Amino acid sequence: MRNGNSGTERKAQSRLRGKYLYILTIEGYAALPTAVNITWSSINFKTILQWQPKPSGYFYTVEIHGQTSDIKRKCIRSTETECDVTDALKDVKETYVAHILSVMPAGTDNFEEPPYALSEKFTPYSQTVIGKPEIKNYTQKGSELNVVIKDPLTPYTFPNGSFQSIRDIFQHDLEYKLYYWKDQSSGKKDTTTKSHTFEVSVESTKNYCFYVQGFIPSRREDRNGQTSVMHCTTAERGIFDEYGAEVFIIIAVIAIAVITLAIVLPVILCKRKKVRAAREKQPLNGV
């Protein structure tokens, strides 16, 4: 009978502990703060979720909810206030919402759904920022400026492991704009291309500076991407290129004067010599 009573007492104590933990958990969750100032930061499809405040005595777990995809959990029981969710957004045309859960330490959160905060909706294809394009090479030959661009890479890979570029994802939606101007001038021009190459007509006697920017014309917002590093051509220029026709005229005048002097001076000297010789041959007066 003692053993029977002892077993019954242990079960009753276990139920009481369970109820006690349940009450503590509910009370604990009710006291937990939820995330605020939730923002998405995404460049070339690498996407970071950020929020506040820093947790104290609790943790955060991020859940990514897609309209048609399964829920993905990231940064489970983290004390950080940011989470790289890139690999949870592989369907870049899907629209996602993040649930940032405020959770208790392990072992105390099995009874009640933890409180959470919702992010704004995010669609990578229409909201990721186009990063800085790389200018692979450029040349200025005569009156033609050629610029070749390299597409920025994304974190996503092909089955063979190579990284996809933004061109692989955006296809014909991606365009580039070239801004160019004469060196030391403020007059700026621009031209666009859907390829990797620009060929623009310029003045052969001038150096040019330029930079490139990717953009998505089909977007309503966030059309323009980050700008590349600025470059300037450094083609060697002759004195005529640097100073123009004025210098050519001056040099030509000087050259003509020198040539004229070289022709006229010997003639004058020759005539003077003949005159002097003729005078020397004349007899002296009175002799």
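Disulfides and a sheet in a predicted model

C83 is buried, with a relative accessible area of 1%. The model discussed here is predicted.

Reader: Which residue forms a disulfide with C83?
Author: A disulfide is a covalent bond between the sulfur atoms of two cysteines. The sulfur atom of C83 lies 2.0 Å from that of its partner, and a pair within 2.5 Å counts as a disulfide. The partner is C75.

Reader: Is C75 buried or exposed, or partly exposed?
Author: Buried means under 20% relative accessible area and exposed means over 50%. C75 has a relative accessible area of 28%, so C75 is partly exposed.

Reader: Is the disulfide of C75 and C83 right-handed or left-handed?
Author: The torsion about the S-S bond is about 95°. The disulfide of C75 and C83 is therefore right-handed.

Reader: How many disulfides are there in the whole structure?
Author: One joins C75 and C83. Another joins C209 and C232, with sulfur atoms 1.9 Å apart. A search of the whole structure gives a count of two.

Reader: How many residues apart in sequence are the parts that C209 and C232 tie together?
Author: C209 lies in strand β15, residues 208–215. C232 lies in strand β17, residues 231–232, so the parts tied together are apart in sequence by 23 residues.

Methods:
Residues numbered from 1 in each chain as written. Predicted model: local features only at pLDDT ≥ 70, side-chain atom pairs only at ≥ 80, totals over all residues. Heavy atoms only, no water. Buried < 20%, exposed > 50% of the residue type's maximum accessible area, 1.4 Å probe, protein only. Helix = DSSP H or I, 4+ residues; strand = E, 2+ residues; numbered from the N terminus.
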